[in-house]
Amino acid sequence: MASSTACSHQLQRACSRPLANARLPTALPAALSRLPARRRGGGRPGAAVVPVAAAAGVRLAGVGSSVPEKFLTNSDLAQLVDTSDDWITSRTGIKKRHILSEGESLGSHASAACLRALDMAGVAAEDVDLIVMATSSPDDLFGSATTVQACGRGQAIRASRAAAFDLTAACSGFVMGLVTGAQYIRAGTYKTVLVIGADALSRYIDWRDRSTCILFGDACGAVVMTAKDDGSCALLGIDMHSDGTGMRHLNCAFAGEGMKPLSNGHASDEGSYSNLHMNGQEVFKFAVRAVPTVIEAALADAGMEKQQIDWLVMHQANMRIMSAAADRLGVPAERVVSNLAQYGNTSAASIPLALDEAVRRGDIKPGEVLAMAGFGAGLTWASAIVRWG
Ligand code: ACO
């Protein structure tokens, strides 16, 4: 339907700007020396050691996902708390959610998602330059991206050449990770980037709290981005925001004894996090307002109109939020990708999981334009208008 091939204006400003007159940090020449010659003044003797103007193109080349086998239906939850299938279905659209079993790791599902995405893209794990793992519930607080990479170990993908790091932005994490990964490709730093959205918020749920335990599920999704020679960029438009004053409405704060390491003269050996706390009504009002607005801003960045959206691929939190956003954008219900009923809110995983299913079903086709939008704790909200395939 859509014909635009231009890159996000925001990404263009960031990556296409000639740096000849910019003030370069002292560490930059060494970093630049590792860049390909075409980005270093063409290799001519005496040429300025600065990036040239043309930015590399970006392609979304593959997607994959993985969810735990175990799941809880609404009826299962009605055994735990005072709720019903009717209430959960009518207020949220959720029917069941998948949950990690004891001994199962987020990293193993993230690795499985990555391998499926790499397979679709036809890219070998050894060719991955960068892994960005968006998660708020890592297996290890020092980072889970490296366990996905873990060269030669267990269920890891063995991406021995890659650099890997985690990114925390709750349910906006995947979109923010996608924008981050694209910047590295646009700048010519890397050619192949894996962006993972993975969460197991079941780890932080109070299973006695009916206002939150009905919402969340565990899952992982991943997208492979590769450099393109023709300069065209799959990220057509972007818009990202955060508002830390809204943190009180949705958080999962550190609450361990470790906050007082030397109380009573003894070092504490405890450290823990509170259960997820959410003021549902406030988050609902924020989301209904923020999601269509951020998509409209990303469309403006792309220089595109609402009518050019082929599919809405939003964070799967509540059917009523998705319907309100679709109505305001004038996108018909059959063009809204939704798997909320099967998985609930899987936080950073929800967008790549929904994308993966829609691509493998054959609904989303190469060349189609997707409006992605994530929102959640932080508060954070972000949109990317992308071209698939
Ligand atoms: N079953 C039955 N009754 C319930 C349940 C339940 N599971 N949960 C709440 N109720 C009751 C409440 O106690 C309240 O009862 P009262 O009227 O007697 O006081 C009544 O239902 C209405 O409660 P509300 O909170 O007003 O219900 P609401 O329609 O707002 O739905 C919900 C709650 C589903 C949480 C909704 O507010 C929502 O989806 N909010 C957005 C959450 C979200 O999108 N989060 C995304 C970010 S997540 C992240 O970033 C990690």
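Biologist: Let buried mean under 20% relative accessible area, exposed over 50%, and partly exposed in between, with a 1.4 Å probe and protein chains only. What share of the 389 residues of the chain counts as buried?

Modeller: The model is predicted, so local features need pLDDT of at least 70 and side-chain atom pairs count only at pLDDT 80 or more, while totals for chains, interfaces and linings use all residues. Residues are numbered from 1 along each chain as its sequence is written, and side-chain values use heavy atoms, leaving out hydrogens and water. Over the 389 residues of the chain, the buried share is 52%.

Biologist: How many helices and strands does the chain have?

Modeller: Helices (H or I, at least four residues) and strands (E, at least two) are DSSP runs, numbered from the N terminus. Counted that way, the chain has 13 strands, and its helices number twelve.

Biologist: What percentage of the contacts in the chain with a separation of 6 or more comes from residues 24 or more positions apart?

Modeller: Contact means heavy atoms within 4.5 Å. Take the contacts with a separation of 6 or more; residues 24 or more positions apart make up 76%.

Biologist: At roughly what angle do the axes of H9 and H10 cross?

Modeller: The axes are lines fitted to C-alpha atoms, for helices over the stretch in contact, and angles run from 0 to 180 degrees between N-to-C directions. The two axes, of H9 and H10, come within 9 Å. Their crossing angle is roughly 35 degrees.

Biologist: Which residues in H10 do the H9 residues meet?

Modeller: On the H9 side the residues are Phe284, Ala287, Val288, Arg289, Val291, Pro292, Thr293, Ile295 and Glu296. Their partners in H10 are Arg320, Ile321, Ala324, Ala325, Arg328 and Leu329.

Biologist: Which peptide bond is cis?

Modeller: Most peptide bonds are trans. Here one has omega near -10 degrees and is cis. Its second residue, leucine 379, sits in the loop between S12 and strand S13 (380-387). The bond runs from glycine 378 to leucine 379.

Biologist: What is phi of alanine 170, roughly?

Modeller: Most residues other than glycine have a negative phi. Alanine 170 lies in the loop between S5 and helix H7 (173-186), and its phi is positive although it is not a glycine. The value is about 50 degrees.

Biologist: Is alanine 170 buried or exposed?

Modeller: Its relative accessibility is 12%. Because of that value, alanine 170 counts as buried.

Biologist: Where is serine 347?

Modeller: Serine 347 is not a glycine, yet its phi is positive, near 55 degrees. Its relative accessible area is 2%, so serine 347 is buried. Its place is the loop between helix H11 (340-343) and helix H12 (350-361).

Biologist: Why is alanine 382 called buried?

Modeller: Alanine 382 is in strand S13. It is buried because its relative accessible area is 0%.

Biologist: Which residues does alanine 382 touch?

Modeller: Residues up to four places away in sequence are not counted. The remaining partners of alanine 382 are Ser172, Val175, Met176, Asp239, Met240, Val294, Met372, Ala373 and Gly374.

Biologist: How many Å apart in space are alanine 382 and phenylalanine 174?

Modeller: In sequence, alanine 382 and phenylalanine 174 are 208 residues apart. In space, C-alpha to C-alpha, the distance is 9.3 Å.
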